[in-house]
Amino acid sequence: MPHIVPFRRTLCVALSLAAVLCAAQAARAQTGWPDKPVTIVVPFPAGGSTDMVARAMAQHMGDRLGQSFVVDNRPGATGTIGAGLVKRAAPDGYTLLVSSLGAFVVTPHLQKNVPYDATRDFDYITVPVQAPNVLVANVAQKARTVPEVIAQLKAQPGKVSFASSGNGSSDHLAAEVFWQQTGTQGLHIPYKGGAPAINDLLGNQVDFSFQNVNAVLPHIRAGKLHAIAVTGGQRSPVLPDVPTLAEAGVAGAEVYSWQGMAAPRGLPAAVKDKLAVAAIASMKDPAVRKRMEEQGLEIVASTPAEFTAFQAREWTRWKQLIETRKITAD
């Protein structure tokens, strides 16, 4: 029966192909996440600090894990639109959030009907970086030290202007903490973003501001703004001659701006572990670290447990300040 041999051959080939496919599927299952592109939602426009951090992480994590990590900018409602989008996504590790502190610990205390619960709806992965703010003055200001700024505030209560990138931003909150700790009160001038606030500061339209170090570093170095003090626990390596507020006599005014990576609540443990390892490694890469530190950002690279505990502390701190100072979103 000559037709039997070809039939057996075909059967062997089919079984071999099936074995190969099974092996591939098994390998795929063993490899697990990620086996398709991962989206990192940034709830702000492209080009800002958060976007820059997210793109650096995406590049390094993609190279490390052999899969594309794509940044998707979803600005609006001070970060809550993008955060709400991530909250509603499947907790499978394919949709992530990289945001500044606002969406995680500030905006929910300022706005009603925020589309997520920051204490329950996310798995916190890592805080990649943080940066102190720096108290800067326009070049027309005579005050060059913290005591001189305080004296000016006491001489003109409620009249000395402080620009911020918006209500509830880290630069606004830093000013509120400063006024609280010094028993003074300035005039808060909120802008729609850091760029217009800095532009008016450079144009001598406003007196002072607590800006993110990385946002105003070029202007300080060019002599277009005067740096008076930083809000960190220690001096900034990029501004070694500028004292901290504590060194200048104002205790309890430590404020950091920070970015965090989170995912929808309920990630499988293996995915969460793999994601955290890759995210932390991205910040410890020498080239990435150098680029961040040159801009005044400090590497944190916290673990999920550390970020979860930190979020809880920051949540409580800013809730108390917002209530005590009667800060509103308007």
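Q: Which strand is Gln259 in?
A: Gln259 lies in strand β10 (residues 256-264); strands are DSSP E runs of at least two residues and helices H or I runs of at least four, numbered from the N terminus. This is a predicted model: local features need pLDDT of at least 70, side-chain atom pairs count only at pLDDT 80 or more, and totals for chains, interfaces and linings use all residues. Residues are numbered from 1 along each chain as its sequence is written, and side-chain values use heavy atoms, with hydrogens and water left out.

Q: Is Gln259 buried or exposed?
A: Gln259 is buried, because its relative accessibility is 5%; buried means under 20% relative accessible area, exposed over 50%, partly exposed in between (1.4 Å probe, protein chains only).

Q: Which residues is Gln259 in contact with, beyond its neighbours within four places in sequence?
A: Ser49, Thr50, Val53, Ser99, Ser100, Thr126, Val127, Pro128 and Val129, where contact means heavy atoms within 4.5 Å.

Q: Now the helices. At what angle do α2 and α10 pack?
A: Helix α2 (residues 49-65) and helix α10 (residues 286-294) pack at about 170°, their axes 11 Å apart. Axes are lines fitted to C-alpha atoms, for helices over the stretch in contact, and angles run from 0 to 180 degrees between N-to-C directions. So α2 is roughly antiparallel to α10, a label for angles over 145 degrees, with under 35 roughly parallel, 65 to 115 roughly perpendicular and the rest oblique.

Q: Which residues meet there?
A: Met52, Val53 and Ala56 of α2 meet Val288, Arg291 and Met292 of α10.
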